Amino acid sequence: MSYPHVRLRRLRQSGKMRELLEEVRLSPKDLVCPVFVQEGATSRVKGESMPGFERLPIGEVVSEVGAIADLGIPAVMVFGIPSHKDDAGSSAYARDGIVQRAILEIRKGLGQKVAVMSDVCLCQYTSSGHCGLVRGDRIDNDSSLEVLARVAVSQAEAGTDVVSPSAMMDGQVRAIRQALDDAGFKDVAIMSHSAKHRSSLYSPFKDMAHSAPKFGDRKTYQLPYTNPKEAMREVETDIAEGVDIVMIKPALAYLDLIAMARSRFNIPIAAYSVSGEYALVKAAAMNGWIDEGEVTLEILTAIKRAGADMIVTYFSKIAAEALGRR
Ligand code: PBG
Ligand code: ZN
């Protein structure tokens, strides 16, 4: 059977029929909204390269996260900008560190109204700006694991639901799982930045989070975007180490990897639509060249269609608002 009996346009004739037949439905519930909290800030600080996105003072965290939750977005991802950096990245695991305080405030102010995810890395906290500890001129894997585990436990103590290691150190999931279990946090989940690629799309974030490396680059730990098989191995090894949710990052230019992981693994997959993806759309929208809300929904739906179960995106609020208008 084919044309003229088969007419695919038949089911596209009315808005309601098109609604009924939607195969992929984006919802605010699919989204995770990043939140930047800056230690010592007294008011909101604009992101130069991320227009519309701000670093928050601790005093505004609860109201902002409350507004995010009110839009139907179930989770936030907390990033910290500390006022003190050192070689050991010690502000990252301080009991009164900026992320720990933000988690406590959210828990106290909002209870279970929102799921809290927190970034586990060292780059905002080390003098070098690297995601691990520096030994000589190298980023040392195994000593970094101890610190990352300590960061995760300190965030668990503050009340996070999910720790999200983004350092791309080998064995980070295993080290963190072990440390959480030893400290009695068996129910704190791990969402690893499993396949995190070395990408030029992270530049706006590095401005925003003050996390650019002071020497060299991240090529010895982040994945080359030329290597899909290696990306799948990163996902595989994280699963073997006990990860709860894997992540592919960036998202839009990596839909093939999201689809590949979807077909291979029965585990929740997150996609991280990164700062550069936000900046590209935002710049065009600010010039009036595209419709920001519509383009955002199209891109996020495509990421979900590729197989992502959740999307970390700076467009979370904009997307939730645009969905609400539909
Ligand atoms: C660092 C980190 C980066 C991002 C998230 N965590 C930057 C980097 O690896 O250089 C990028 C996120 C984004 O661009 O939105 N651990
Ligand atoms: Zn890092």
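Biologist: Which residues have the most contacts inside the largest nonpolar core?

Modeller: This is a predicted model, where local features need pLDDT of at least 70, side-chain atom pairs need 80 or more, and totals for chains, interfaces and linings use all residues. Residues are numbered from 1 along each chain, chains are lettered from A and ligands numbered from 1 as written, and side-chain values use heavy atoms without hydrogens or water. A nonpolar core joins buried (under 20% relative accessible area, 1.4 Å probe, protein chains only) Ala, Val, Leu, Ile, Met, Phe, Trp, Tyr and Cys through side-chain atoms within 4.5 Å. The largest has 107 residues, and the most contacts belong to Phe 36, Ile 106, Leu 180, Met 191, Ile 248 and Ile 303.

Biologist: Which helix gives the most to this core?

Modeller: Helices are DSSP runs of H or I with at least four residues, numbered from the N terminus. With nine residues, the answer is helix α4 (residues 141-158).

Biologist: What arrangement do the four donor atoms around the zinc ion (ligand 2) make?

Modeller: Donors are N, O and S atoms within 2.8 Å of the metal (3.2 Å for Na, K and Ca). Among them are the SG atoms of Cys 121, Cys 123 and Cys 131, at 2.2 to 2.3 Å. Four donors count as tetrahedral if all angles lie between 85 and 135 degrees. The angles here are 96 to 122°, so the arrangement is tetrahedral.

Biologist: Which residue in β5 is the bridge partner of Met 77?

Modeller: Strands pair if DSSP finds at least two bridges, and a strand is an E run of at least two residues. Strand β4 (residues 75-81) and β5 run parallel, joined by four bridges. The partner of Met 77 is Met 117.

Definitions and conventions. Buried < 20%, exposed > 50% of the residue type's maximum accessible area, 1.4 Å probe, protein only. Tetrahedral: all angles 85-135°; square planar, octahedral: opposite > 155°, others 65-115°.
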